[in-house]
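Here is a friendly walk through one protein chain, written for reading beside the model. Please have the sequence and the 3D view open as you go.

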Amino acid sequence: MLWETYRLAQREILRNGLRSSLTVLGIVIGVAAVITMVTLGDGATAQVTREISKLGSNMLQVRRGQGFRLPGGARIPAKRFKIADAAAIERDVLGLKAVAPAVTTTRQAIFRNVNWSTSVTGSTNEFLIVRDWALAAGRVFSDNELRAGKAVCLLGATVRQQLFGGEDPIGAAIRLGKISFTVIGVLQAKGQSSFGTDQDDLILIPLKTMQRRFTGRADVNIIYLSAADGVSTEQVQADTEALMRERRRIQIGEEDDFHVRDMKEIIATLTGTTRVLTGLLGAVAAVSLLVGGIGIMNIMLVSVTERTREIGTRLAIGALEREVLLQFLVEAVVLAVFGGVVGIVLGLAAAWLGARAMAMPFVFNPGIVLAAFVFSGAVGVVFGFFPARKAARLDPIEALRHE
């Protein structure tokens, strides 16, 4: 019986093909919009996670805060970190893979007649471990170069391209300001971060070289940490905060003049934001489904009016009310489901094209596809029930008299 009902519904739908197509257009647009928005949102979330993970594996940063507030409202600048602070963290905090104190400044890099303003970071080889950064060519700093503060450097991919083009830079001499440095290595390209900065626009030099040749200070302004695989970064963060409060003699109740930033917290914040925006866009797009459902209800009511005599004839020769109800309900569901299927195909295609245009990953979410399909069917049931019930409750005699 159900198959016969479906065939009757299909025949009625095809009999008014143009009207049926316009009726399901709202469902098509609604489903396609929901799938496109949610899929692009998932792609944006995946891209944010991937880009931040490029900054380093399980990385934490210890940075200076704003310092202590004076009674008048002004703040005393927070003290810089000492090399001994980094050594204490490495010694006393469990579960660390690497610790890299660092100082960053900006200098003009010069090779022959080419100039390029870039970021210069003084650190150790552990900087590459913390930032999960591999070499494309050359070597890392030797122990002697780190201890003696030799004038050697590693180039980021952008600096290498700007200064040398296609030429091999290994062994070449460049100037940073007035100081000549020998290039001993080139870092692999990482590309732009999610914050819009070029991670490859960097030159890495030994920390002691930075302190002796540029800053003239023995302290550092940031300490990078990397938690070992399987170690909770939250625990490392808590232990580091406790140790730094002790070393900086911060009393109970006083606010910290530093902060330990876990990159996982940044990922959670940014991905949470993208998920909220995705949900809002998906909710707005879902309104089209309701509009499409209203369109189905409207056209089914018109269909009931047009087929009043047919309904009366069927009831008069013995058709049951539930059979008439089922017939019109199946028509509404078929329209909605067909629109849902077309909308799914169009939505996935639009999401794929959008992901390619915005250079972000296409993330197929079977859950949202299934939800959109089920919801489109539910729209057919909900908005088709009232017209179907109206048809089933027609008085056969009155229906046969209908002109």
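This is a predicted model: local features need pLDDT of at least 70, side-chain atom pairs count only at pLDDT 80 or more; totals for chains, interfaces and linings use all residues.

Residues are numbered from 1 along each chain as its sequence is written, and side-chain values use heavy atoms, with hydrogens and water left out.

**The chain as a whole**

- The secondary structure of the protein chain comes to 13 helices and 14 strands; helices (H or I, at least four residues) and strands (E, at least two) are DSSP runs, numbered from the N terminus.
- Of its 403 residues, 43% count as buried. Buried means under 20% relative accessible area, exposed means over 50%, and partly exposed lies in between, with a 1.4 Å probe and protein chains only.
- Among contacts with a separation of 6 or more, 77% are between residues 24 or more positions apart; contact means heavy atoms within 4.5 Å.

**Helix α8**

- Helix α8 covers residues 233-247, which is 15 residues, and reaches 21 Å from its first C-alpha to its last, close to the 21 Å expected at 1.5 Å a residue. The expected span is 1.5 Å times one less than the number of residues.
- The buried residues in α8 are T233, V236, Q237, T240, L243 and M244. Seen down the axis of α8, these buried residues fall within an arc of 135°, so they line one face of the helix. The arc is that of the directions from the helix axis to the C-beta atoms.
- R249 follows α8 and has a positive phi, near 55°.

**Helix α3 and what covers it**

- In α3, D85, A86, A88 and I89 are buried. They cover an arc of only 160° around the axis, which puts them on the same side of α3.
- The exposed residues E90 and R91 sit on the face of α3 turned away from its buried side.
- The cover over the buried residues of α3 includes β4 (81-82), β5, β13 (222-227) and α8.

**The second largest pocket**

- The second largest pocket has a volume of about 270 Å³. On a 1 Å grid over the protein atoms alone, a pocket is an open set of points where a 1.4 Å probe fits, with protein on both sides within 12 Å along at least five of seven lines, and lining residues have an atom within 4 Å of a point. Grid points are joined across faces, edges and corners, and a volume is the space filled by probe spheres set on the points.
- The pocket is lined by 15 residues, and those closest to its centre are I83, A86, P101, T124 and L207.
- Two or more lining residues come from each of α3 (83-92), β5 (96-111) and α7 (207-215).
- Within α7, the residues L207, T209, M210, Q211 and F214 are buried. After α7 comes G216, with a positive phi near 70°.

**D219 in strand β12**

- D219 is part of strand β12, residues 219-220, and counts as buried at 15% relative accessibility.
- The D219 side chain makes a polar contact with the side chain of R217 at 2.9 Å. A polar contact is a pair of N or O atoms within 3.5 Å; within protein, one must be able to donate a hydrogen and the other to accept it, and residues adjacent in sequence count only if both atoms are side-chain atoms.
- Leaving aside neighbours within four places in sequence, D219 is in contact with R80, F81, V103 and Q211.

**Loop residues**

- R112 lies in the loop between β5 and β6 (114-123) and is exposed, with a relative accessible area of 62%. Its phi is near 55°, a positive value in a residue other than glycine.
- D132, in the loop between α4 (126-130) and β7 (135-138), has a positive phi of about 55° although it is not a glycine.
- G177 is found in the loop between β9 (173-176) and β10 (179-187) and is partly exposed at 29% relative accessible area. Beyond its neighbours within four places in sequence, G177 is in contact with Q108 and I110.
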